[in-house]
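Please look over the sequence and the model shown here before reading on. The text then goes from the overall fold to single residues.

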Amino acid sequence: MSLPHAILTALLEKPSSGLELTRRFDKSIGYFWSATHQQIYRELGRLEESGLIRELPSEVPVRGQKKEYEVLPAGGAELARWVGESQDPKPMRDPLLLRIRAAGVVGPQGLGPELRRHLELHRRQLAQYEAIEEKDFPPGRDAVEDRLRRLVLHGGIALETFWLHWLEEALGEVEDMSGSQD
């Protein structure tokens, strides 16, 4: 996924200002695609220059008023084209995995606390995803948009569940190697 396509998706859902997009990213898209406030504003400028979005006209122009953007037909067409495009999976690049691999060379000392910390972070993230599912996807919400959003959320839930199982296995192995509970 690329930032321009994430922004087009969000703007098609609801025309927004850069600040609103940042907040919405933090609450939804940010769970699987993050971007800073500055990155979002830079990309809004590029999308506008490319003719994919436009600033909504303001009824009363006021200096310092936040600009709201909407997707133009060319932007919708670009997003539809991108959705149907073939793309290979990206290789995983996770510093924790690299650190565990490095521990194979220098020893596992100190890994226990970091594995426990990651375990707790993934527990919290899973709880957050489950709360979102309970709040935002009650039984009967079966519109295509809801089903696809729920599918993305289920992907997040499955990934967090994987990490919890794997981290518990890794922690058990590291503690067994260390002979103690770091």
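Predicted model: local features only at pLDDT ≥ 70, side-chain atom pairs only at ≥ 80, totals over all residues.

Residues are numbered from 1 along each chain as its sequence is written, and side-chain values use heavy atoms, with hydrogens and water left out.

The protein has seven helices and three strands; helices (H or I, at least four residues) and strands (E, at least two) are DSSP runs, numbered from the N terminus. Starting at the N terminus, the order of elements is α-β-α-α-β-β-α-α-α-α. The radius of gyration is 21 Å, well over the 16 Å that the globule rule gives for 182 residues, so the protein is more spread out than a compact globule. Here the radius is taken over C-alpha atoms, and the globule rule is 2.2 Å times the number of residues to the power 0.38. Along the principal axes, the C-alpha atoms fill a box of roughly 70 × 40 × 35 Å. Buried residues make up 30% of the 182 residues, where buried means under 20% relative accessible area, exposed over 50%, and partly exposed in between (1.4 Å probe, protein chains only).

In soluble globular proteins, nonpolar side chains tend to be buried together. A nonpolar core is counted as a set of buried Ala, Val, Leu, Ile, Met, Phe, Trp, Tyr and Cys residues joined through side-chain atoms within 4.5 Å. The largest such core has 19 residues, and those with the most contacts inside it are Ile7, Leu11, Phe25, Leu44 and Ile53. At least two residues of this core come from each of α1 (3–13), α2 (18–27), α3 (37–49), β3 (68–71) and α4 (73–83). Helix α1 gives the largest share, six residues. Apart from this core lies another, of 17 residues, among them Leu96, Leu119, Leu126 and Leu167. Returning to Leu44, its contacts (heavy atoms within 4.5 Å) beyond four places in sequence are Ile7, Leu11, Gly18, Leu21, Ile53 and Tyr69.

Charged pairs come next. The structure holds 15 salt bridges, each a side-chain nitrogen of Lys or Arg within 4 Å of a carboxyl oxygen of Asp or Glu. In one of them, Glu13 pairs with Arg149, with the closest N and O atoms 3.1 Å apart. Glu13 lies in helix α1 and Arg149 in helix α7, so this pair ties together parts that are 136 residues apart in sequence. Asp146 forms a salt bridge with Arg141, with closest N and O atoms 2.7 Å apart. Asp146 counts as buried at 10% relative accessibility, whereas Arg141, at 33%, counts as partly exposed. Through shared partners, salt bridges join Glu13, Arg24, Arg141, Asp146 and Arg149 into one network.

Which partners does Glu160 touch? Glu160 is found in helix α7 (residues 144–178) and, not counting residues up to four places away in sequence, touches His122, Gln125, Leu126 and Tyr129. Glu160 is buried yet has no salt bridge, the nearest side chain of opposite charge, Arg123, being 10 Å away. For charge, Lys and Arg count as positive and Asp and Glu as negative, while His and the chain ends are not counted. The side chains of Glu160 and His122 are joined by a polar contact of 2.5 Å. A polar contact is a pair of N or O atoms within 3.5 Å; within protein, one must be able to donate a hydrogen and the other to accept it, and residues adjacent in sequence count only if both atoms are side-chain atoms.
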